[in-house]
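Please look over the sequence and the structure below before reading on. The paragraphs that follow lead through a group of aromatic rings and then through a pair of helices.

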Amino acid sequence: MTYIPTTPPKAETLAVAEARAHLRLDAADEDELVGGLIRVAREHLERTTGLCLITQRWRLLLDSICEDGVIQICKGPVQSIEKVTVYDAAGNAAAVSLAGLLLDGQRRPARLMLAAPVAPGRGINGIEVEFTAGFGASGADVPDTLKRAMLTHVAQMFTCRGVVSPDEQPALIPPGYDRLIAPYLMRSL
């Protein structure tokens with residue numbers, strides 16, 4: 001199972017002004033740095049939790065579909081399924097009808113059930129699922145707890161900016177961060 005981002009988020013979860021207020025910065029001198037730290041904090045949180053905070057598009061590559069026809073999508077929350085493609089042994093693509101599909105996009109992992117699952121002919125990456133995921137188009141749609149976790153992370157990285165360069169972040173995770181994001185982690189046995 002491979003996830004490929006196809007359309008990145010059009011906005012960040014936090015505005016630079018929000019982070020500047022949290023950091024108690026009056027001037028805009030370091031806005032570029034703060035903006036970069038916000039991006040790093042969002043990307044780290046998304047990798048850690050499997051969540052997509054702001055609406056974005058992804059492509060999921062699968063080798064096969066389970067016998068029950070259910071496809072699990074570990075990125076979420078899934079808003080919609082755009083396209084499902086199955087490849088035959090010769091590599092020819094065939095679009096799968098989305099009529100009658102069932103999507104449980106809020107569940108973690110999300111579940112997609114196709115009305116008529118088709119077995120791929122290609123052994124590796126024979127199925128592609130294109131989907132849109134995220135809480136919404138802006139930071140206002142993201143749960144406050146996740147934004148608080150990001151603010152503490154941005155503050156920690158900002159504090160260490162002289163020790164660790166921005167391209168090597170995140171170097172440290174602040175105390176309490178793990179407790180803030182714990183309800184959003186996917187646990188497996």
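Rings of Phe, Tyr and Trp, the six-membered ring being used for Trp, count as a pair if their centres lie within 6.5 Å, and a pair is called edge-to-face when the planes are over 60 degrees apart. In this predicted model, the structure holds two aromatic pairs, and Tyr3, Trp58 and Phe131 form one aromatic cluster.

In one of these pairs, the ring centres of Tyr3 and Trp58 are 6.5 Å apart and the planes stand at 80 degrees, so the arrangement is edge-to-face. This pair links distant parts of the chain, since Tyr3 belongs to strand S1 (residues 2–7) and Trp58 to strand S2 (residues 56–62), 55 residues apart. Tyr3 is partly exposed, with a relative accessible area of 21%, whereas Trp58, at 10% relative accessibility, counts as buried.

Tyr3 also pairs with Phe131: the ring centres are 6.4 Å apart and the planes are at 85 degrees, so this pair is edge-to-face. Here Tyr3 in strand S1 is linked with Phe131 in strand S8 (residues 127–133), 128 residues apart in the chain. Phe131 is buried, with a relative accessible area of 0%.

Turning to the helices, H2 (residues 31–49) and H3 (residues 144–159) pack at an angle of about 125 degrees, with their axes 9 Å apart, which makes H2 oblique to H3. H2 passes H3 in a right-handed crossing. Among the residues that meet there are Leu33, Leu37, Arg42 and His44 in H2, and Leu146, His153 and Phe158 in H3. By class, the contact of H2 with H3 comprises 12 nonpolar, two polar and one charged residues.

Key:
Residues are numbered from 1 along each chain as its sequence is written. This is a predicted model: local features need pLDDT of at least 70, side-chain atom pairs count only at pLDDT 80 or more; totals for chains, interfaces and linings use all residues. Side-chain values use heavy atoms; hydrogens and water are left out. Axes are lines fitted to C-alpha atoms, for helices over the stretch in contact, and angles run from 0 to 180 degrees between N-to-C directions. Helices (H or I, at least four residues) and strands (E, at least two) are DSSP runs, numbered from the N terminus. Angles under 35 degrees count as roughly parallel, over 145 as roughly antiparallel, 65 to 115 as roughly perpendicular and the rest as oblique. A crossing is left-handed if the near helix is turned anticlockwise from the far one by less than a right angle, and right-handed if clockwise. Contact means heavy atoms within 4.5 Å. Ala, Val, Leu, Ile, Met, Phe, Trp, Tyr, Cys and Pro count as nonpolar, Asp, Glu, Lys and Arg as charged, and the others, Gly among them, as polar. Rings of Phe, Tyr and Trp (its six-membered ring) pair if their centres lie within 6.5 Å; planes under 30 degrees apart count as stacked, over 60 as edge-to-face and the rest as tilted. Buried means under 20% relative accessible area, exposed over 50%, partly exposed in between (1.4 Å probe, protein chains only).
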